[in-house]
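Thanks, I'll keep this short.

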Amino acid sequence: MKHLERTVEQARRLCRARGVRLTPQRETVLRLVYGSARPLSAYEILDRMPATSRRPAPPTVYRALDFLLEQGLIHRLESLHAFIACHHPDQPHNGQFLICTGCGRVDELCEGHIDQSLQEAVDASGFRTQRPIVELLGTCVSCRNNAD
Ligand SMILES: [Zn+2]
Ligand SMILES: [Zn+2]
């Protein structure tokens with residue numbers, strides 16, 4: 001829980017420094033994504049929103065997700081249609097993700113040189129990337145150990 005508070009505090013600081021607002025609604029969505037051990041789909045996030053007197057409409061949650069994506073506080077995993085927290089949102093990056101098909105665990109690699117050489121190769125091809133995300137499907141260490 002301590003870690004969650006630290007991460008939320010970091011997000012608040014980043015937003016303040018950028019002059020954007022981490023509204024209570026956005027912070028609630030951020031906490032759900034940060035607090036989950038696994039990537040969450042938009043439906044799961046909607047489902048887990050606290051049942052206050054005014055339950056947020058789906059568009060509100062989607063807008064909050066868009067905001068968090070824009071600020072680099074979360075990433076969207078295309079292959080899973082799910083969102084995952086970013087643990088170094090202060091440095092802009094696209095990131096590479098190791099997705100375990102056994103247990104669903106996802107780890108983010110943050111190798112700037114991969115982003116960079118990928119971007120150079122893409123630029124050279126004339127292709128325009130919309131969502132430059134690298135997702136690697138495979139088996140995590142603990143699933144591999146369990147299989148032995
Ligand atoms: Zn990241
Ligand atoms: Zn696994």
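The C-alpha centres of domain 1 and domain 2 lie 22 Å apart. The contact, meaning heavy atoms within 4.5 Å, takes 10 residues from domain 1 and 10 residues from domain 2. The bounds are 2-85 for domain 1 and 96-147 for domain 2, and they come from an automatic or database domain assignment.

A word on the source: this is a predicted model, where local features need pLDDT of at least 70 and side-chain atom pairs count only at pLDDT 80 or more, while totals for chains, interfaces and linings use all residues. Residues are numbered from 1 along each chain as its sequence is written, chains are lettered from A and ligands numbered from 1 in the order in which they are written, and side-chain values use heavy atoms, with hydrogens and water left out.

Now the area. Together the two domains bury about 840 Å², with 57% of it on carbon and sulfur atoms; buried area is the accessible area (1.4 Å probe) that two parts lose on being put together, summed over both. On the domain 1 side, His75, Leu77 and Glu78 supply 43% of the area buried against domain 2, more than any other three residues.

Glu78 comes up again: its side chain meets that of Arg131 in a salt bridge, at 2.8 Å, N to O. The rule (a side-chain nitrogen of Lys or Arg within 4 Å of a carboxyl oxygen of Asp or Glu) finds 1 salt bridge across this interface.
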